[in-house]
Amino acid sequence: MKSVSTQAYLLYPFPHSISGARLATDPVRADSPWKHWFVRSADSLDKINLLTDHSYSFLPHVRRMLYPELYGLTSDASKQALHSVQGMEVAAVRRAIDDAAGKDDGDRFRNAAVRLTWTGKQLAPGSKITVRIPGAQGIEEDYKCDLRWIDAVLFPVGVGVLVAALDPPGDMPTAVAARLMRFAKKVEYRRRLSLEVAQLSLEASGFPASGGRGSTWLEVLPTLLRDLAVASPLDSRDNISELTGTLGVNWRLAITSQVRRDGDEQPPPGPFESGAQLACFALATGRTPVAGQHAECPSEDQWQRLRSKRCLSLWQDWMMLYHYDNLVQVVESADDRYVAQQFELFEYEYVTLFIYAIAQRHLLDIMESDLAQVAGLLEVASAKLQRFDEAVIRFNTRLWHRDVSTTPVGGPLYSLLRSGLELSESFASIREASAALQSHLQLRASQGLARSTTRTRQLIELVAVVGVPLGVMSSAMQTRLGNLRPLKAVPPYMAWLLVLGVLLITTLIYVVIRRTNTRKKDEF
């Protein structure tokens with residue numbers, strides 16, 4: 001069985017610090033290589049019709065966030081508005097859309113995502129990315145992929161997803177494609193980075209060569225992200241080291257492939273009922289089942305369990321599998337027009353759903369980390385928790401939706417991704433932990449207030465105990481005791497010094513108790 005044509009998408013989530021107001025107007029500087037992604041349709045504005053049609057695959061509230069430029073406008077109105085836009089900067093595109101809509105109140109782009117595309121001379125469309133994997137007898141094998149485009153989707157909740165669209169070499173046996181995916185997975189998301197990891201190198205103008213093999217992906221990524229206001233600056237050595245460490249585990253991979261059987265090929269081995277099932281399993285797991293090799297072929301029970309949890313198959317010649325954080329679609333057909341339609345749906349609908357789910361997953365990871373950082377004095381911890389609760393509310397209202405798609409495949413696919421990425425479980429766990437922490441901090445605060453109240457009451461009792469005898473003594477010294485002969489020899493100022501001394505001792509006790517209350521403030 002051969003993979004006739006394949007399209008692959010590398011997806012990398014990252015945090016950004018672009019404010020909501022700036023994201024709605026001009027998220028990047030004017031001279032940045034990042035432009036509005038409609039620039040890819042500038043040569044043929046008829047592609048706007050294609051974008052508009054596929055944007056209706058999403059529910060209205062999701063469509064408004066993902067495609068604010070198309071919301072409420074016909075494709076003809078959008079094309080007419082974009083016809084005179086020069087440069088395709090985000091601000092210029094959005095001004096033209098506002099003018100076409102007949103209002104300029106900014107509501108269209110408030111709390112909406114923005115999608116940018118890379119137009120720099122370095123890594124321009126058509127550049128080559130070489131995937132180099134170890135071969136037999138230590139001989140390295142190179143596979144050159146064409147880079148079609150690089151996009152960045154910035155969501156209004158502080159996360160973004162970088163997407164690189166690649167065209168791997170076609171017309172390769174499924175076994176070779178599966179082996180390529182197996183090594184590519186290790187560099188994209190597996191932690192075993194030292195075990196025969198595939199090397200990604202770039203042959204693009206403007207980037208320095210690395211060991212005679214072109215620039216590595218790790219050297220290029222900071223250049224792509226620097227203009228996107230990544231939450232932590234990339235100029236710091238520590239931040240670059242941290243970014244380099246996360247590159248090996250945070251990548252996701254989306255693949256769509258057309259496969260065809262050879263004329264004399266035997267039926268699929270093991271539990272597989274079609275060539276699409278066999279190819280989908282091979283690309284998703286990196287294993288190529290062969291008749292008679294049981295180590296590579298799953299049992300009927302294993303295959304059925306995998307299909308029930310991570311598989312979507314509506315037709316015999318079409319299958320989609322989410323496995324190891326990667327999304328694979330396989331179409332077994334000789335009808336190139338039908339395959340082109342499936343590839344189009346994969347790019348404009350299914351990959352967009354994958355981007356949406358990855359952004360949710362990444363933000364949930366950030367929220368879990370932020371919740372773990374709630375510490376310090378109770379007042380400080382409570383303030384951090386309040387800011388965290390505000391972030392949870394923003395996520396819940398702007399990015400967290402139970403249903404996002406209206407199509408027969410989009411709805412089940414999003415449910416599959418939510419289950420595979422464990423989004424519902426993570427969000428429920430975060431909300432439960434936040435509520436428990438809130439209750440705990442309130443309890444600790446009430447206990448600390450009770451202790452401070454007790455110390456203050458003790459101070460009041462002490463003042464009362466000391467003040468009453470002091471007042472009696474002062475009055476007696478000025479009246480009756482003042483007539484005693486021994487006390488007549490005592491100067492009057494001595495009595496006042498005594499009173500002052502008692503007041504100073506009382507004040508000292510008060511200060512000590514206050515400092516004790518402050519020093520013994522509870523920490524979490």
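**Entry 1: a salt-bridge network**

I began with Arg40, Arg115 and Asp151, which are linked in a network of salt bridges. For me a salt bridge is a side-chain nitrogen of Lys or Arg within 4 Å of a carboxyl oxygen of Asp or Glu. Side chains of opposite charge can pair when their charged atoms come close.

A note on what I am looking at: this is a predicted model, where local features need pLDDT of at least 70, side-chain atom pairs count only at pLDDT 80 or more, and totals for chains, interfaces and linings use all residues. Residues are numbered from 1 along each chain as its sequence is written, and side-chain values use heavy atoms, with hydrogens and water left out.

I looked up Arg40 with Asp151 and found their closest N and O atoms 2.6 Å apart. This pair links distant parts of the chain, with Arg40 in the loop between β2 and α2 (47-55) and Asp151 in strand β5 (residues 140-154), 111 residues apart. My helices (H or I, at least four residues) and strands (E, at least two) are DSSP runs, numbered from the N terminus.

Next came Arg115 with Asp151, whose closest N and O atoms are 2.9 Å apart. Arg115 sits in strand β3 (residues 114-118) and Asp151 in strand β5, so this pair ties together parts 36 residues apart in sequence.

Is Asp151 buried or exposed? I read 0% relative accessibility for Asp151, so it counts as buried; buried means under 20% relative accessible area, exposed over 50%, and partly exposed in between (1.4 Å probe, protein chains only). Arg115 is buried at 12%, and Arg40 is partly exposed at 25%.

**Entry 2: another bridge**

How many salt bridges are there by this rule? I noted nine. One of them joins Glu89 to Lys35, with the closest N and O atoms 3.2 Å apart. Glu89 lies in the loop between α4 and α5 and Lys35 in strand β2 (residues 34-36), so the pair ties together parts that are 54 residues apart in sequence. Glu89 is partly exposed at 24%, while Lys35 is buried at 12%.

**Entry 3: helices α4 and α5**

I then checked the helices on either side of that loop. The axes of α4 (residues 75-82) and α5 (residues 90-101) come within 9 Å and cross at roughly 130°. Axes are lines fitted to C-alpha atoms, for helices over the stretch in contact, and angles run from 0 to 180 degrees between N-to-C directions. That makes α4 oblique to α5, since angles under 35 degrees count as roughly parallel, over 145 as roughly antiparallel, 65 to 115 as roughly perpendicular and the rest as oblique.
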